[in-house]
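Subject: Structure for your review

Dear colleague,

Please find below the structure I am handing over to you. My findings follow directly after it.

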Amino acid sequence: MSKKELQIIRMTARGFTYAAIGRQLHISEQTVKTYIRRSYIKLGVHTRSECVALCSSQGWLI
């Protein structure tokens with residue numbers, strides 16, 4: 001997982017929308033979706049809730 005992928009997952013876990021994440025990080029919403037998609041593949045998950053649960057269980061959500 002890259003630092004940017006983890007940052008976006010943390011923001012997602014806090015309830016930010018992809019559009020809001022993009023605005024805050026100065027990247028497009030599509031770029032946020034790309035980071036999320038790559039994260040899901042690396043983690044072997046299919047949904048936001050699976051992703052957040054796995055990252056939480058690993059202690060990656062601060």
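Thr12 is buried, since its relative accessible area is 6%, under the 20% that marks a buried residue. This threonine belongs to helix α1. Leaving out residues up to four places away in sequence, Thr12 touches Tyr18, Ile21, Ile36 and Arg48. Please note that the model is a predicted one.

Confidence in the prediction may be stated briefly. The mean pLDDT of the protein is 95, and 100% of its residues reach 70 or more. Among the elements, α2 has the highest mean pLDDT, at 97, while α4 has the lowest, at 93.

As to the overall architecture, the protein contains four helices and zero strands, and its elements run α-α-α-α from the N terminus on. The C-alpha trace spans about 30 × 20 × 20 Å along its principal axes. For 62 residues, a compact globule would have a radius of gyration near 11 Å, and the protein agrees with this because its own value is 11 Å. Of the contacts between residues at least 6 apart in sequence, 46% join residues at least 24 apart.

The protein exposes about 3,900 Å², of which carbon and sulfur atoms supply 54%. Buried residues account for 32% of the 62 residues.

Helix α1 covers residues 3-13, and its buried residues are Glu5, Leu6, Ile8, Ile9, Met11 and Thr12. They pack against α2 (18-25), α3 (29-43) and α4 (48-57). Just after α1, Gly15 adopts a positive phi of about 100°.

I turn next to the nonpolar interior. In soluble globular proteins, nonpolar side chains tend to be buried together. Here, the largest nonpolar core has 13 residues, and Ile21, Ile36 and Cys51 have the most contacts inside it. Each of α1, α2, α3 and α4 supplies at least two residues of this core. The greatest contribution comes from α3, which gives four residues.

Ile36 deserves a separate word. Apart from its neighbours within four places in sequence, Ile36 is in contact with Ile8, Ile9, Thr12 and Tyr18.

Ala20 is part of helix α2. It counts as buried because its relative accessibility is 18%, where the cut-off is under 20%. The C-alpha atoms of Ala20 and Val32 lie 9.8 Å from each other, and these two residues are 12 apart along the chain.

Lastly, there is the matter of the cysteines. A disulfide would require two cysteine sulfur atoms within 2.5 Å, and by this rule the count is zero. Cys51 is in no disulfide, and the nearest cysteine sulfur to its own is that of Cys55, 4.3 Å away. Cys51 counts as buried because its relative accessibility is 3%, and Cys55 counts as buried because its value is 0%.

With kind regards

Definitions and conventions
Residues numbered from 1 in each chain as written. Predicted model: local features only at pLDDT ≥ 70, side-chain atom pairs only at ≥ 80, totals over all residues. Heavy atoms only, no water. Buried < 20%, exposed > 50% of the residue type's maximum accessible area, 1.4 Å probe, protein only. Contact = heavy atoms within 4.5 Å. Core = buried A, V, L, I, M, F, W, Y, C linked by side-chain atoms within 4.5 Å. Rg over C-alpha atoms; globule rule 2.2 N^0.38 Å. Areas by Shrake-Rupley, 256 points an atom, 1.4 Å probe, with all protein chains shown as cover. pLDDT = per-residue confidence, 0-100.
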